[in-house]
Each structure stands twice: as structure tokens, then as C-alpha cells.
Amino acid sequence: MFRKKEPNSQGFELALRSGDFSNLDEAIDMLREEEQPLNVRLRLVHLLGELRPEPALPALLALIQSGSSPGSLKQEAIHAVKKFDDPEIGEKMAAIYPGIRADTYVREEAIRLFASRPDRAAAFFAAIRESKVIHKEDVPYSLARRFYMLEEESIPEMAEEIWPESKLLTAKEKTEAIASYKRQVRSGKGDALAGRQLFLQTCGSCHRLDTGGGNIGPDLTGYDRSDLDYWLLHTVDPHAGIREGFETVEIETHTGRKIWGKLEKDEGGTKYIRPPLGGKGESLPDSEIREMRILDLSIMPERLLEPLNEQQVRDLFAYILK
Ligand code: HEC
């Protein structure tokens with residue numbers, strides 16, 4: 001008697017990888033089955049993102065939309081969908097977005113998808129401006145900046161209109177800001193203890209100074225702590241001389257998709273890029289890459305001191321310069 005074969009994800013994987021798509025329907029079914037172990041579904045999603053067979057796209061979108069998909073699966077599925085070339089992805093994802101925005105990781109992966117191509121950005125902007133179902137507050141500075149970097153068409157202008165606070169300062173504005181902070185620091189005494197808290201809040205997610213802090217930026221312990229001009233320059237203008245080893249690259253694929261991040265590995269004809277502030281990394285075969293360049297922009301945001309009042313500016317620098 002004919003016995004239905006148990007679906008075997010490794011079998012699918014091998015077949016799909018070798019270009020045999022005859023089991024694709026079954027693989028897609030397996031993706032939908034909630035009783036499948038999560039790691040099996042994650043691996044399949046990842047594989048489908050790498051191979052990009054057209055019929056898998058609706059299933060991946062459904063997975064993102066489904067209320068019963070775990071967040072990690074949605075995130076992986078968004079990452080996979082991002083790699084497909086279908087021109088309707090932007091609109092479809094904009095329609096799905098309001099239902100998935102509650103989970104920060106899922107939301108930010110979706111925003112990275114919108115920022116990956118001009119047509120997708122346009123669909124996202126239309127949903128913000130026209131339907132108002134998407135809130136511009138969902139987009140943190142570092143992700144808003146990505147839209148500015150899509151050079152084509154009117155995308156950067158629209159980004160500027162939606163997130164004026166993410167616009168880069170002009171050289172003149174920077175000079176004025178540095179002079180103004182310098183006056184503030186010199187006009188009174190700061191409290192170094194309060195300043196340490198401010199440092200941890202404002203800078204500590206990326207930098208270490210003395211003890212505690214992140215490693216996205218250089219460890220600032222041991223830097224010359226007496227030179228106010230140095231600290232002000234690099235705080236107001238992070239792009240003034242980017243420290244070696246902290247550069248960001250921009251890759252454009254032949255299909256016009258852009259990927260930003262740190263080039264972590266470049267070997268065997270494949271580049272591995274990791275977003276510096278979290279999110280899914282990506283391996284790209286050189287054959288898919290049209291162009292890669294090193295950006296002269298730092299991932300350290302501008303305007304970090306703007307939320308601080310004068311006393312807080314004095315406190316912060318009392319700590320830094322202590
Ligand atoms: C989102 C992460 C992030 C935050 C927040 C951040 N920085 Fe940075 N910072 C970096 C990165 C990455 C670099 C290295 C690239 C560069 O030189 O711009 C850097 C560079 C610097 C440098 C220059 C170091 C060098 O060796 O050239 C200074 C000084 C600095 N940051 C100070 C600060 C201070 C002060 C704050 C808080 C007010 C702050 N940073 C907040 C990521 C960050």
C-alpha cells in the first residue's frame with residue numbers, strides 16, 4: 001500500500017539547494033504547519049529567502065501576517081521577503097505593517113525592508129502620509145537615516161519632510177552648535193555624578209567609559225579626558241574622521257536593493273554584512289553585487305545633545321572631562 005511519506009525538511013533542503021523545486025509545494029505546506037518545530041520552520045524560511053522561488057512569496061507574506069506566527073519567525077520571513085524582487089512587496093508589506101508593529105524587532109525588520117529599495121520606501125511613505133495608518137514615530141533615527149540614503153527619485157526629500165529631526169546638520173549648524181555647547185559648559189559647574197548617568201543613557205549603549213557600556217563604538221576609556229574641543233567635535237559631528245574598523249559599507253545588488261552594515265567577512269566569493277545596531281545579518285554572493293562602497297557617514301547619530309538642557313550639558317561634560 002502506498003504510504004504518505006513523512007515530510008523531511010532536510011530532504012527538501014537538499015533538493016531545493018540542488019535546484020530541484022519539485023517538492024516546493026510540500027516545503028511551503030510545511031512552513032505553514034504550526035506543529036512543526038520552530039527551528040525547522042526558521043531554516044526553511046531562511047532557505048526560501050536565499051533561493052527566492054516566486055511561489056513561496058505569498059506563503060512568506062501570509063506567515064508575516066498571521067497572528068499565530070512567533071516573532072522570530074516573522075522577523076526571518078520579513079528578512080526573506082526583502083530579498084525577493086516583486087514590485088508589489090512594498091505595498092503588500094505596508095498593508096500588513098499595522099498588524100505587526102507592536103513587536104519592536106519585527107517592526108524594525110519591516111522598516112529595514114521598506115528602506116531597502118526606493119519603490120518600497122515610497123509605499124511606506126504613502127501609508128504614513130495618506131492613510132495615516134503608520135506612525136512616523138515608529139522609526140528611530142538610525143533607521144530614518146537609511147531612507148535618506150536611497151538616492152533615487154524624491155525619496156530623501158520625502159524622508160526629510162517626515163523626519164526633519166533626522167536631517168544631517170550643515171557645517172555651519174555644527175560650528176554654531178559646538179560654540180554654543182562650549183559656552184554652556186563654561187558658564188557654570190556641572191555635577192559629574194549626574195553626568196555619568198547622562199553618559200550611560202545617551203552614549204552608553206554604544207561606548208564604554210570607565211566601567212559599563214556597549215561596544216558598538218570605540219571604548220573611550222583612556223582617551224584624553226581634558227580636551228573639551230575634541231569631545232565636542234566628535235559628539236556634535238560624528239562623521240568627522242571615522243575610526244578605522246567602524247566603517248559602514250553600502251552594497252547595491254543588481255536588482256537595486258541596498259544593504260547597509262559592517263562588512264564582517266569577505267571570503268570565498270561571499271560577503272557577510274551585519275547591521276551595526278542589530279537586526280539580521282546577510283550573506284551575499286559577489287555575483288549579486290553591483291557595487292560596494294564605504295560610507296563617509298558614521299553610525300553614531302547626530303544631535304545627541306539636543307534633548308539635554310544647559311545644566312545637563314554641564315553635568316555630562318563634568319563627567320567626561322573629570
Ligand atoms: C549608536 C551608537 C553611538 C552612540 C549612541 C554614541 N556613539 Fe560615539 N561613536 C559611535 C561609533 C560607531 C563611533 C566610531 C565611528 C566614528 O568615529 O564615528 C563613535 C565615535 C565616537 C568618538 C570618536 C572616537 C574616535 O576614536 O575617533 C567619540 C569621542 C564619541 N563617539 C563620543 C560619544 C559621546 C560623548 C556620545 C554620547 C553623547 C556618543 N559618542 C554616542 C557610536 C555611538
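1. Let's start with a term: a residue counts as buried if 20 or more other C-beta atoms lie within 10 Å of its own, as exposed if 12 or fewer do, and as partly exposed in between, with C-beta atoms placed from the backbone. By that rule, 30% of the 322 residues of the protein chain are buried. Keep in mind that this is a predicted model, where local features need pLDDT of at least 70, side-chain atom pairs count only at pLDDT 80 or more, and totals for chains, interfaces and linings use all residues. Residue numbers run from 1 along each chain as its sequence is written.

2. On confidence: pLDDT is the predictor's confidence in each residue, from 0 to 100. The protein chain has a mean pLDDT of 90, with 98% of its residues at 70 or more. Helix α14 (residues 310-320) has the highest confidence, at 97, and helix α1 (residues 9-17) the lowest, at a mean of 79. Over residues 1-5, though, the pLDDT is below 50, and this stretch has zero contacts in the model beyond near neighbours in sequence. Where pLDDT is low, the predicted coordinates should not be read in detail.

3. Now the overall layout. The protein chain has 14 helices and five strands; these are DSSP runs numbered from the N terminus, with helices being H or I over at least four residues and strands being E over at least two. The C-alpha trace spans about 90 × 45 × 35 Å along its principal axes. An automatic or database domain assignment supplies the domain bounds: domain 1 (9-166), domain 2 (171-241 + 301-320) and domain 3 (249-294). The C-alpha centres of domain 2 and domain 3 are 32 Å apart.

4. What surrounds the ligand? There are 20 residues around the ligand, and the closest are Cys 203, Cys 206, Gly 217, Ser 298 and Met 300. (A residue is near a molecule or strand if its C-beta atom, placed from the backbone, lies within 6 Å of it.) Helix α13 (residues 228-236) gives the most to this shell, with three residues. The shell has 12 nonpolar, seven polar and one charged residues, where Ala, Val, Leu, Ile, Met, Phe, Trp, Tyr, Cys and Pro are nonpolar, Asp, Glu, Lys and Arg are charged, and the others, Gly among them, are polar.

5. Have a look at helix α9 (residues 141-148) and helix α10 (residues 155-162), whose axes come within 7 Å and cross at roughly 150°. The axes are lines fitted to C-alpha atoms, for helices over the stretch in contact, with angles from 0 to 180 degrees between N-to-C directions. Ala 144, Phe 147 and Tyr 148 of α9 meet Ile 155, Pro 156 and Ala 159 of α10; contact here has C-beta atoms, placed from the backbone, within 7 Å. The residues of this contact are six nonpolar, no polar and no charged.

6. More on α9: Leu 143, Ala 144, Arg 145, Arg 146 and Phe 147 are buried. The buried residues of α9 pack against α7 (104-114), α8 (118-131), α10 and β2 (258-267).

7. Finally, some loop residues. Pro 164, between α10 and α11 (171-186), is exposed because 9 other C-beta atoms lie within 10 Å. Arg 52 sits in the loop between α3 (38-51) and α4 (56-65), and its phi is near 55°, a positive value in a residue other than glycine. Asp 210, in the loop between α12 (192-202) and α13, has phi near 65°, again positive in a residue other than glycine.

Conventions:
Two residues are in contact if their C-beta atoms, placed from the backbone, lie within 7 Å.
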